[in-house]
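Student: Before we start, please show me the model, and then we can go through how its features are read.

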Protein chains: 2
Amino acid sequence: MAEVVAGIDIGGTNTVIGIVNKQGDILAESTIPTRCQSTFSVYVKNLAVEIEKLLEGLGHEHTLQGVGIGSPNGSYNLGAIVDAPNLEWKGILPLCNELTKHTGLPTVVTNDANAAAIGELLFGAGVGMKNFVVITLGTGLGSGIIVNGKLVVGHDGFAGEFGHIVAKANGRQCGCGKKGCLETYASATGLRRTAFKMIADSNQPSMLRNVTYDKLTSKMITEAAQNGDPLARAAFEYTGLILGTRLADLVAILNPEAIFFFGGLANAGEILIDPVRRYMEEYMFPVFKGKVRLLMSGLQNKNAAVLGAAALIWDELEKKKAN
Amino acid sequence: MAEVVAGIDIGGTNTVIGIVNKQGDILAESTIPTRCQSTFSVYVKNLAVEIEKLLEGLGHEHTLQGVGIGSPNGSYNLGAIVDAPNLEWKGILPLCNELTKHTGLPTVVTNDANAAAIGELLFGAGVGMKNFVVITLGTGLGSGIIVNGKLVVGHDGFAGEFGHIVAKANGRQCGCGKKGCLETYASATGLRRTAFKMIADSNQPSMLRNVTYDKLTSKMITEAAQNGDPLARAAFEYTGLILGTRLADLVAILNPEAIFFFGGLANAGEILIDPVRRYMEEYMFPVFKGKVRLLMSGLQNKNAAVLGAAALIWDELEKKKAN
């Protein structure tokens, strides 16, 4: 009987459930809708049923040890989802408690970026490292921080909101209600905003001038930059300036060994990383110059969310054993 | 036989040595010069001799368990002082190794702000807390970070350089070689620079207009502000804006329970803390609003440097026991 855990990735539309062993192999996987469930309790019950189904499919040769969950606004400390803007249910949702009632097993939740960080530590390119940061670059900018080989969750379970440090006083309007947050510049959405501002501010010719804001994607800007479009290149340069200087700040505070990039915009590769690295080094506190590696996530293009959630509960089970 | 440790505070001019018990009482204390020692090795030998003398003075009823040291540019990971600008000896000084040769006991070193943080954790107002930051406001700005009840030292042992995050792009020249570092605004020196800039920029009457830059102290600006001097008050308001916004960033990253202030400028009290708090809350990520306490260090006006150094080695000895 091999030991396994369930790793769950809750998205606004769908929830992905995977059965994962200690080596980080996903042995079985399925999806249930997150939307259109009658109540939150019914949704949680369906999660438990789905986990059981997956185990049955594996011929019951595996014993489930616990459940790890990555969710937007997941609070590790509360074991709950708190005011997630993209879910139908509002307020504090006691996810871990309710799921444990069905499974009888330890359950842990955290946000997506934290799950990505612990996934990187156990199954990704961060194996063997003790101090690093994972930056997820998608619609927004998330971060998960590993210090002394452990995830930093903070006093209320919400550490790692690096996307909401102020990059520019009185800058762009952010979804969080503040202005000038880092993620309004350094994310897929931020890159689009930068490109559109540059279209307005300059007369530079660009293949992006005949695309509407709603249709423009970070992938289109990336491809334009790779094809030498000067405006698209300038947009990446500006993104690198904003993100690079703030990463220099993050390094000054935490002195990590490496910073990993993950998510859709990270696929831009050196087009993005090169200016980030240049500006980070330019603004770096001397003692850290040339020492911090900027790397692609080892989980990029894998089912990182499920692996991260699984890593979270494996890590928790290890901690319990140690105590 | 009661167990004690030695806590050592290395300053540019003098070195203070204290014998400290587990409760944080300083049982004996003395000072030797840091300057004018023939070599670094002779200095280290004199440290060992002085520790022995202090123990003799206590009638040898105490057994020494280890030595903790706080030093400018002290690297916890290397057990060394690295390129300290205010010491006569340059390069990497293998302090722990050399002192252990004399005492045969475990020896740990870190920088002053880190020692202050671990001192706060064991003997100060941070007892019982697991996530907090200590900000030391003196000539510069230092920080020590506690996460999950442990000091954050980082990959190279130099975490906590919060004073060298960029507060203003292309801002004031910093001693580290960069421009616009937080400590060029938020420190005793930073406050002086701000006051002088305001004297130049405005026509506001102020009692500070008849003081030279070299004679101006943060204490004078504090007293002027307490007496209602509008320019001095404006200088604190600006300092609060710069420090408060950056503390909001720090909270977003680390989600601490409290931030402690320590050092000369911290004596300004509410004249400083009030604007810091207002701007921190204004720029705070919503989930953290109203949750983070700004407090005076519990070691303020005590021999914090010696207590911090002693706490460092007590903590280290505890960790060794646990493993």
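Student: Is A:Arg277 buried, partly exposed or exposed?

Tutor: Relative accessible area decides the class: buried is under 20%, exposed is over 50%, and partly exposed lies in between, with a 1.4 Å probe and protein chains only. A:Arg277 has 31% relative accessibility, so it counts as partly exposed. This is a predicted model, in which local features need pLDDT of at least 70, side-chain atom pairs count only at pLDDT 80 or more, and totals for chains, interfaces and linings use all residues. Residues are numbered from 1 along each chain as its sequence is written, chains are lettered from A and ligands numbered from 1 in the order in which they are written, and side-chain values use heavy atoms, with hydrogens and water left out.

Student: Which residue forms a salt bridge with A:Arg277?

Tutor: Side chains of opposite charge can pair when their charged atoms come close. The rule applied here asks for a side-chain nitrogen of Lys or Arg within 4 Å of a carboxyl oxygen of Asp or Glu. For A:Arg277 the partner is A:Glu270, with the closest N and O atoms 3.4 Å apart. A:Glu270 is partly exposed, because its relative accessible area is 46%.

Student: How many salt bridges does the structure hold over all chains?

Tutor: The count over all chains is 20. One of them joins the side chains of A:Lys53 and A:Glu50, at 3.8 Å from N to O.

Student: Where do A:Lys53 and A:Glu50 lie?

Tutor: Helices and strands are DSSP runs numbered from the N terminus, a helix being H or I with at least four residues and a strand being E with at least two. Both A:Lys53 and A:Glu50 belong to helix α1 (residues 40-57) of chain A, 3 residues apart, about one turn of the helix. A:Glu50 counts as buried because its relative accessibility is 12%.

Student: What separates B:Asp249 and B:Arg246 along their helix?

Tutor: They are 3 residues apart in helix α6 of chain B, about one turn of the helix. Elsewhere, A:Lys22, A:Glu318 and A:Lys321 are joined into one network by salt bridges that share partners.

Student: How many residues of chain B are in contact with chain A?

Tutor: Contact means heavy atoms within 4.5 Å. By that rule 38 residues of chain B are in contact with 38 residues of chain A. Buried area is another reading of an interface: the accessible area (1.4 Å probe) that two parts lose on being put together, summed over both. For chain B and chain A this is about 3300 Å², with 62% from carbon and sulfur atoms.

Student: How many salt bridges and polar contacts cross the interface of chain B and chain A?

Tutor: A polar contact is a pair of N or O atoms within 3.5 Å; within protein, one must be able to donate a hydrogen and the other to accept it, and residues adjacent in sequence count only if both atoms are side-chain atoms. Between chain B and chain A there are 0 salt bridges and 19 residue pairs in polar contact, both residues at pLDDT 80 or more. The elements giving two or more residues to chain B's side are β10 (141-147), β11 (150-151) and α6 (230-254) of chain B. α6(B) gives the most, with 6 residues.

Student: Which domains does chain A have?

Tutor: The bounds come from an automatic or database domain assignment. That assignment gives domain 1 (2-118 + 306-322) and domain 2 (128-296) of chain A. Their centres, taken over C-alpha atoms, are separated by 29 Å.

Student: How much area do domain 1 of chain A and domain 2 of chain A bury between them?

Tutor: The buried area is about 1100 Å², 64% of it on carbon and sulfur atoms. On the side of domain 1 of chain A, A:Asn77, A:Asn114 and A:Ala117 lose the most area to domain 2 of chain A, together 41% of what that side buries. In contacts, 15 residues of domain 1 of chain A meet 18 residues of domain 2 of chain A.
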